[in-house]
Amino acid sequence: MSSTSFLVLVLVFIVTCSEAELATEFAEASDGGTASLPCNLTPNQPSDKVSVVVWHKGAEEDPIYKFDLRGNRPQHWAEPTLGDRFFLRILDDNRSVLTISPTNLSDENVYHCRVDFATSPSRITHVNLTIIVPPTGVQVSDDFGLVKNGITTSYAEGASLTLTCSATGGKPLARVSWWRDGKIVTDECQYFPERKKSQSLMKVEKLTRSHLLAVYSCEVSNSKLQPPLVVRVAIDMYLRPLEVTLIKEHEELSAGRRYNISCRCRGSRPPAIITWWKDGLSLEGGTVTVSADGNTTTSTLSFTPTSADHGLVLSCKASNHRIPFSEQQRTWMLRVLYPPKVTLNLGHGLDASDIKEGADVYFECHLVANPWVHRVWWLRDGERILSNATSGIIVSNQTLVLQGVSRSSSGRYCCEATNKEGTTKSTPFHLKVKFEPICGDGTGRKVLGAAKDEPLQVECKVDAEPVAKLFRWSFNSTPGISRELTEFTTDEGGSRLTYVPKIPADYGTLQCWGQNDIGTQRQPCTYHIVPAGKPDPPHTCQLSNVTHLSVFLSCKKGFDGGLKQRFTMNLSLGDNPVANMSSFTGPDFHITNLEPDKEYAITVSSYNSKGWSKPSDPINFRTLPAPGLNEQRRLMDPNGEGQNRSGPWLYITLAAGSTLIIAGTVVVIVFAVKRFRDSIGSRTLTDIKLFDWQTCNVGSPAIDLSIVLYAIASKTILDNLNEYLEIYHNAFKEFLSQTGLRTEDVYPFEVLKYQWKTYCEYGMIRGFLVHKLRMNVVNTGGSFEDAINADFNVEEMGQLMDNLLKHLENIGVF
C-alpha cells in the first residue's frame, strides 16, 4: 500500500470517527476453534436503516468481508482467500457477529467493522482478536527428578518435599497452580517467556503420616475457553514403626518347655524388620507374617528357656531400614522356673579317699532353684535317711552329719530336692569307709565235712575296704599248736585252699586272715573240718494255713554232715503214702490237693552225698471240712427251713455257669489244637484263646467262674478264694494235658488270678442278681416267675453286699 493511500485511509477514519461513534471490543478464540467478532448495528436515528456492513483486518485498505443490504436481496461477500471460514450473522436490529471457523494463528489482529446507514453517520466497531494456543507440555518433578507414573519417589516420614509443575509452550504462557482435595494450595507462578515456560513450586516442610499417598493436582491454564490441563501426583512415603507390642501368654516360664512369643509392629511402611535379642545377643528364628494391608507385621519366636535365662532380658526390635533411627523395641525380663539344681559336696577338710571307721563325716547339699525348694531329702542307696541322734545321724535340711562312721555307713549318698517344677537328685557320692578285713559270711565259723583222701575246696571270702590282697592260712588240731599253710591261691577279696585230710590228725580247724592297707584281719575266718557224714533230720516243724485243701509246713535245718543237703517231705493218709515233695533250698513245703476233713501224717528227711538222715517225728494234722452246699444252706437258712426248695435253683446256677465255662473253653481249645496241629505240624503251640459263647467274643473263664462263685458266696468261700481258683485251674490243667499242652505254658495260674481281678466286678453284679433270685425262691416257695417279681430281704442282701465289697477290697480290686 502506497503512503498516499494509507494517508487517505487514515483521513477517512478520522472523518468517520468524527462523524460516527467509535467502539472497541476484545475477542479470544482457540487455535482451530471458532471466533465471534461483534459489531454494533445501532443507528443514531431510530428510524434509520443499515445499508452496508464492511469488515477490515488490521491496516489493510481492502475489506475482507462485506454485507450489502441496499438491493432487493442482502448480499454476502468475502475475500476469496479466506474461503468459507468467515460469515456474518445478524443477531437482531442492533447486533451482528462475524464468525471465523476454524481459526488459525494468522487470524489474530485488530478487526474494524464499519456500518453505513441510510441517513445516519457510519458506526465503527474495533475488535481485538486474540488466538489462544494451549501449552504443549506439562511435567511434574520432585526433589529426585521427574515424577513417573503419577507417584513420587518414596520420602521418609519427617522429610521435606518440593514438587515443581512446569508448563511449556502455549500463547499466552499458562498460569500454573497446585490443588489438594479441591482446595488451592498455591497459585504462585513463575514465567519464563524467553524459554516459553511457566512453573509453580509446592513445598511441604515436614511430611507426616497424613501425607501418605495424598494426591496433589497441578492445574495449567492460559484461557477460559478450554478446561485446564490437570496432572495428579500421589506422594509415596516410608513410615517409621508406630507401635511395637510384645505379646506373652505367660508371665512365668518353665525351663525346658517350648513357648511361642510374639512381637507385633504396627504402622511401618514397608513392613518392619523384627529381630529378637536375649541379653544383647541376637537370636535366630522368628516366623514373620504380614497383614493383608501391610500395616501390621508379626514375628513369632519359638523359645525354650533354660535355667540360665532367669533374670535375662528378652527383647524384640522393630525398625524400618529405609528410615534412619526408626528402631523401636520392647523388653521383658524373663522369670524362668526350673527344678532344683543339686550338688552334693563332702564337707570341707575331708578326704574322700581316706575315711576310716570312727571318723565324723558330713555332706553339704548346694541348691539353686526357682521357686525355692519346699522339701529336701537325704538318701543312701536309694533309701531316705532320717535323723537318729542315737545312731549318730543328724539331718539338718541341707547338711547331713554322720558321727563315728562304720563299715555299714558305706554307700551311695545323694541329696534330693523338690519344688513345684520337679524333683532332682544330686550325682551320688560313693562313700567308702575304710576298714580292715572281716569274714564275708558274717559269722566267721563254718563246719565242713571232708572224706579221707578226698580234696575239699575251702573258700575264704572277706569284706574289706580297700579289698584284701594278702592272705594267710593256718591249721591246728591240737590246742595251742598250729602250722602255717602255704599252698593256696589268692584273688582280690578272697583266697581258696584245697585241703585233703589223710589221717585222723588232719581233721581240725582251718583259719584264714586277710590283709589290706588298713591292717590285718583281727578275727580269722574259721572252718572246722570234720569227717563227712549223713545229715541230721530237720526239726522244730510247724504247720500253718491249714484249710480243707492245703497246708503249709516249715521246719528248721539239721546239721548237714559237712556236705550240701536236700530235703524230702512224705505225706501219708493213714498207712497209705499219698505224695512226696523235694526241696533244694530248705525244709519248707506248700502241700495242696488234699481231701477235706481227713487225718494226714507228714515226715521230713534230708540227704547228702553220704546218705539219708533219719525221718523226723511224724507231724499229724486234719484238714478242714469242705464248705459245700449243705454249709451254704445253713448259712442262708439257719432254721433249716427251705433247704429242699433252694437245692434245685442252686444246682441250676452251678450247672449253668459250669456249662458256659466248659463249653466256651473246651470246644474252642479242642478245635484250636486240632487246627494248629494240622497247620503247624510239629511246632509247639504257645498260646490259646478262650471263646465266650454268651458274648460271642474272645473272653476269659474268670467271667463265668466269678458269676458261679459269687452266686453261692458264703463268707467261707470268699475267705478261701484262691483254693477254689486252684481247684478250677487243676481241672483245667488236667484237660489241657490231654491235648498235649502244658497249662503253665499257655494259661498259668497267675494269669487266671489276674483276669479274676479284672472281671470279678462284673461277675459280682451278675452273681448278686442270681443270688437274689435264689433267695426269693427259697423264701417265697414260688415259681421262677414269682421269684423274679418278689421283693428281697433287705437285711440279708445288705449283709451279702457287705461281704462282697470287703472281699473285693481284700483282694485289691478297690
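User: Which side chain meets that of Arg 85 in a salt bridge?

Analyst: In general, side chains of opposite charge can pair when their charged atoms come close. The term salt bridge requires a side-chain nitrogen of Lys or Arg within 4 Å of a carboxyl oxygen of Asp or Glu. Here Arg 85 pairs with Asp 107, with an N to O distance of 2.7 Å. The two residues lie 22 apart and link distant parts of the chain: Arg 85 is in the loop between strand 5 (75-78) and strand 6 (86-90), and Asp 107 is in the loop between strand 7 (95-100) and strand 8 (109-117). Strands are DSSP runs of E with at least two residues, numbered from the N terminus. The model is predicted: local features need pLDDT of at least 70, side-chain atom pairs count only at pLDDT 80 or more, and totals for chains, interfaces and linings use all residues. Residues are numbered from 1 along each chain as its sequence is written, and side-chain values use heavy atoms, with hydrogens and water left out.

User: Are Arg 85 and Asp 107 buried or exposed?

Analyst: Buried means under 20% relative accessible area, exposed over 50%, and partly exposed in between (1.4 Å probe, protein chains only). Arg 85 is buried because its relative accessible area is 18%; Asp 107, at 1%, is buried too.

User: Which residue forms a salt bridge with Glu 436?

Analyst: The partner is Arg 522, and the closest N and O atoms are 2.4 Å apart. This pair also links distant parts of the chain, 86 residues apart, with Glu 436 in strand 40 (residues 433-439) and Arg 522 in the loop between strand 47 (509-515) and strand 48 (525-531). Glu 436 is buried at 15%, whereas Arg 522 is exposed at 68%.

User: How many salt bridges does the rule give?

Analyst: The count is 20. One of them joins Glu 599 to Arg 622, with the closest N and O atoms 3.4 Å apart. Glu 599 is partly exposed at 41%, and Arg 622 is partly exposed at 45%. Salt bridges with shared partners also join Arg 384, Glu 416 and Lys 425 into one network.

User: Where is Ser 198 placed, and what does its side chain approach?

Analyst: Ser 198 belongs to strand 17 (residues 197-204) and is buried, at 1% relative accessibility. A polar atom of the Ser 198 side chain lies 2.7 Å from the backbone oxygen of Ala 174.

Methods: Helices (H or I, at least four residues) and strands (E, at least two) are DSSP runs, numbered from the N terminus. A polar contact is a pair of N or O atoms within 3.5 Å; within protein, one must be able to donate a hydrogen and the other to accept it, and residues adjacent in sequence count only if both atoms are side-chain atoms.
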